[in-house]
Amino acid sequence: MLPKEIKDRLEGEIKHVEHPRELAVDVMFAIQDHYGYLSDEALAEAASMLGMTPLELDELATFYTFTFREPVGKYVIHVCDSVVCWMNGYEPVRDYLCRKLGIALGETTPDGLFTLLPVCCIGYCDRSPAMLVNRRVHGELTPEKIDAIVEKCRHKAGKEVARY
Amino acid sequence: MPKLIIDDREIEVATGTKVIEAAAQLGISIPRFCYHPALGSVGACRVCAVKVLEGPAKGIQMSCMLEAVDGMQVSTADREAVEFRRYVIEWLMMNHPHDCPVCDEGGHCLLQDMTVSGGHGLRRFPGKKRTYPDQDLGPLVQHEMNRCIHCYRCARFYQQFCGYRDLGVLGIGNRTYFGRTAGGRLESPFSGNLSDICPTGVFTDKPSRFIGRRWDYQRTPTVCIHCSLGCHAVTSVRYRQVARQEARMSAAVNGWFLCDRGRYGFFYASRADRPRQAAIKGETAGMEEALAHARSRLEALAPAAVAVIGSPRSSTEVLALTERAARLRGWRGPAFFADVGAALKVKAAVSRLEAGLAVSLGEIDQADFILIVGADPINEAPMLALALRQAAQKGAGVWVVDPRPVSLPFEFAHIPTAPKALGAVLGRLLRKSIEPAGLDGPAARFHASLPGDPASGPELPARAAELLAASRRPIIVCGTGIVAAEWVELAADAALLLRAAQKKAGLFYVLAEANAFAAGLLTQLDSTTDRVLKAAAEGDIQALVLVENDPFATFPDRRLLEQALARIELLIVLDYLDTPASRRAHVFLPTQTLYESGGIFINQEGRVQYSAAAFAGGTPVRETGGRDHPPRVYGSGLPGAAPQPAGQLVARLAGEEIPIDIRAQREYFSEQASRLAGLPDTERLPPDGLRLALRNISAERFKSMLPPVPAAESDDIEIILTERTFGTEELSTYSACLETLEDETFAGVSRQDAEALGIRDGDRIAIRTENGAVELAARVCDNMAAGAMMIPRLRRLPWQTLGKSIRRRDIRKA
């Protein structure tokens with residue numbers, strides 16, 4: 001069950017549009033912001049709010065790169081595999097990330113910090129090879145740069161853990 | 001009409017025709033995956049490429065997207081086009097698992113054909129193939145996603161054509177997946193068509209899995225007999241086992257598809273428990289011995305003490321010969337319908353279908369306004385729902401006037417109306433939407449007799465009258481299950497009135513069973529099953545002959561049936577089913593199914609169609625051999641081939657010797673019903689059948705009276721016995737694969753009645769009847785008329801004990 005506060009807000013927004021399904025993506029993001037991903041239960045609940053079947057919403061959820069149907073790590077790294085990045089060294093970047101994090105594409109590190117996913121073109125071709133970390137773009141990647149980014153994430157996460 | 005040249009041959013086609021269709025008219029089959037005549041063009045698979053030599057856009061074009069225009073010159077064999085198609089095939093095959101030897105599609109696979117004809121033989125791509133998990137989609141369709149070439153036919157058929165929303169396209173790019181969010185049975189009652197339209201083996205027929213290749217089967221064009229629509233099918237038989245049915249294209253009737261009840265309703269024919277031996281008092285006997293025994297016992301009785309009951313599931317040959325036998329011997333009957341009400345309705349429909357009014361199933365999608373009176377298409381005649389959806393997709397308004405919670409796979413308006421008020425609602429709608437000016441004679445008088453006072457009863461919203469007034473091709477669909485005979489007549493007059501108002505109006509009746517039309521032509525109103533059973537219960541009848549009728553499954557009064565069977569001396573049953581009636585028979589004579597005898601069926605619009613015999617009969621080899629090699633015994637004749645056509649047996653019971661050739665039996669048709677006279681031989685029946693020359697009897701027109709809606713004379717709840725897609729049609733209940741698709745038993749109650757009775761949705765309720773108490777789950781419906789209770793005729797529900805109405809105090813929470 002979605003928390004009442006979120007559900008009320010979404011239902012209020014849905015009420016104001018002519019075709020509820022036009023808010024499908026917004027509703028999915030709102031739920032994902034809360035849970036971190038779209039569980040089967042959340043998908044079914046969102047679909048019923050939107051007057052869609054779970055399958056119809058799932059067709060959208062699985063189409064888009066930024067909606068997750070499985071739990072993901074605290075930091076989602078999307079490494080770009082489109083043509084320009086590939087020409088400028090996508091493969092070594094991908095391999096370096098896999099080695100450094102100890103995971104393959106599509107996997108999450110055992111500590112739950114990182115998920116590594118491919119993405120096809122993020123519009124950063126002029127500074128390729130590029131990747132996104134939680135939707136923030138990083139270009140002209142080198143092993144050193146990747147080290148710094150990953151370490152920064154680890155440091156930040158560690159501090160948060162210490163705080164609680 | 002554009003004229004174009006394809007491969008140096010000229011053809012003239014209708015404006016708007018696509019090049020792929022124009023080529024088909026020349027006999028040139030351009031490769032295709034995503035294109036399907038029923039689904040239209042999307043240009044997704046790129047395999048129908050041709051080269052345009054002369055025309056608006058020269059070069060390589062997709063022939064399914066390209067409209068034929070005058071002066072166009074197209075080449076399908078141009079080197080560039082051939083090469084293009086070869087590359088497309090190669091990349092479509094990139095991830096294909098090459099598992100043809102274990103794939104059920106192998107042998108009739110479009111992908112195999114295209115690969116071979118495209119000239120792709122050697123794999124060049126060395127990479128890994130992408131793979132998918134499969135889903136369990138229920139008992140009818142087998143899923144094997146690795147074989148997919150992403151043509152989108154399945155999702156387009158399932159969602160756009162049929163309007164169901166639980167199977168679709170997931171993922172993106174190379175991960176694109178056709179399936180459901182989670183495994184589970186498909187909700188659509190048209191899901192079996194996925195096996196037909198999938199161009200490769202992603203969706204294959206589950207019940208016939210691994211039984212045979214296409215060339216192993218005896219394939220025969222047949223007619224579906226699981227409702228009154230008479231859809232066209234192809235039946236596949238292997239080793240004497242009816243194994244599979246597919247849709248057969250018929251522009252006039254079912255189009256390209258079949259419903260799952262029709263597709264999988266055939267299992268009764270090859271069941272292991274099908275009775276194949278004659279029996280006397282339960283002891284196996286030879287056919288001749290049993291016939292002689294039955295005949296001598298019948299001859300010992302006065303003819304008036306013998307009664308015959310047939311059923312509308314029999315072929316016209318069987319019905320006609322049954323009628324002839326009864327007439328020759330002076331036996332009572334035959335009764336084809338449960339009671340006078342049921343017989344009257346069918347007779348009304350049969351006599352009121354006029355040549356100008358009757359529309360076929362294939363014409364429904366041309367309508368711009370459809371009014372459905374007392375019919376529940378998805379449950380009574382599923383393919384009608386699919387045709388209605390196509391009309392609705394093209395903009396037709398669909399309005400349903402019915403007491404039941406009707407559901408259809410598209411947007412429509414439903415006015416829950418008590419059965420008694422159906423006619424008044426229709427009358428008011430006509431009065432409001434048709435201007436009396438311009439009508440003359442009987443039409444004007446009929447219009448004037450229609451109720452106009454809006455305060456006098458239920459009414460459709462004003463919008464319906466506006467739409468009907470503006471429509472040009474309205475169709476009235478009228479059921480015969482829950483409506484009274486008066487409303488059947490009224491529906492015909494309504495269509496006539498719309499004609500008189502210069503509309504191209506059509507009339508479409510839904511009848512209760514496959515051959516109800518023929519039974520309606522042949523039946524006498526004074527012999528119905530209830531009268532025969534009453535006479536038997538009173539001792540006036542000593543012998544009952546049941547011809548392909550199981551009254552335990554079809555007759556609505558179980559008590560009367562038991563009383564009658566307890567009183568009679570002799571019960572003779574002729575059937576191909578193992579029924580409660582055949583088990584109680586003193587003499588049982590096994591009959592042939594439609595697949596063995598062939599036969600003529602007349603559908604609800606009077607279309608005479610011949611279903612050919614698919615094989616010679618006999619016990620399936622699967623059984624004689626115990627799933628192994630059949631026994632090595634030499635002999636002539638087939639094992640288990642004792643059953644004979646029921647018509648022949650009933651004629652011999654009556655002392656006639658009938659020629660074996662079933663075609664000769666057709667001479668008898670004209671004796672019984674003049675409208676059956678002059679039917680051509682089956683070989684000369686056109687592929688789409690032949691609509692009977694329907695009479696235009698002006699004397700019958702505009703005679704329907706509209707009785708005022710009676711003020712509720714009692715507070716009782718009326719029982720509405722109703723069909724379900726699965727589980728109520730007699731023959732298909734013998735299909736094991738459809739069993740899990742049957743509804744749970746329930747009693748449908750309107751919200752208003754539920755509140756008055758203190759019942760909530762899902763509550764168990766106990767209904768007290770003369771025959772004891774019945775316990776059921778209540779289903780509270782918002783879109784249901786008050787004062788009625790909907791009871792599905794499911795086997796697991798003793799609906800035959802409930803009677804016609806129930807006092808409110810006899811319904812309580814269990």
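How many Å separate the centres of domain 1 of chain B and domain 3 of chain B? Taken over C-alpha atoms, the separation of these two centres is 54 Å. The structure is a predicted model.

**Domains**

- Chain A is assigned domain 1 (4-63) and domain 2 (75-163).
- The centres of domain 1 of chain A and domain 2 of chain A, taken over C-alpha atoms, are 29 Å apart.
- In chain B the assignment gives domain 1 (3-92), domain 2 (125-270), domain 3 (278-334 + 527-681), domain 4 (344-516) and domain 5 (717-813).

**Chain A**

- Chain A contains 7 helices and 4 strands.
- Along the sequence, these elements of chain A follow the pattern α-α-α-α-β-α-α-β-β-β-α.
- The C-alpha trace of chain A spans about 50 × 40 × 25 Å along its principal axes.
- Chain A has 164 residues, of which 29% count as buried.
- Among contacts in chain A with a separation of 6 or more, 56% are between residues 24 or more positions apart.

**Chain B: the sheet from β14 to β16**

- This open sheet of chain B has 7 strands with mixed pairing, in the order β14-β13-β24-β23-β22-β15-β16.
- The edges are taken by β14 (283-285) and β16 (332-335) of chain B; each has a single partner strand, so one side of each is left without a neighbour in the sheet.
- On average, and with direction ignored, neighbouring strands of this sheet are turned by 15 degrees against each other.
- Strand β15 (residues 306-309) of chain B pairs with β16(B) in the parallel sense, over 2 bridges.
- Within chain B, B:Ile309 stands opposite B:Ala335 in β16(B).

**Chain B: the sheet from β33 to β34**

- A further open sheet of 7 strands in chain B runs in the order β33-β28-β32-β29-β31-β30-β34, also with mixed pairing.
- Its edge strands are β33 (805-806) and β34 (811-813) of chain B; because each has a single partner strand, one side of each lacks a neighbour in the sheet.
- Inside the listed order, β29 is placed between β32 and β31.
- Strand β29 (residues 747-750) of chain B runs parallel to strand β31 (residues 772-781) of chain B, and 4 bridges join them.
- The residue opposite B:Ala747 is B:Ala778 in β31(B).

Terms used: Residues are numbered from 1 along each chain as its sequence is written. Chains are lettered from A and ligands numbered from 1 in the order in which they are written. This is a predicted model: local features need pLDDT of at least 70, side-chain atom pairs count only at pLDDT 80 or more; totals for chains, interfaces and linings use all residues. Domain bounds come from an automatic or database domain assignment. Two strands pair if DSSP finds at least two bridges between them. A residue is buried if 20 or more other C-beta atoms lie within 10 Å of its own, exposed if 12 or fewer, and partly exposed in between; C-beta atoms are placed from the backbone. Two residues are in contact if their C-beta atoms, placed from the backbone, lie within 7 Å. Axes are lines fitted to C-alpha atoms, for helices over the stretch in contact, and angles run from 0 to 180 degrees between N-to-C directions.
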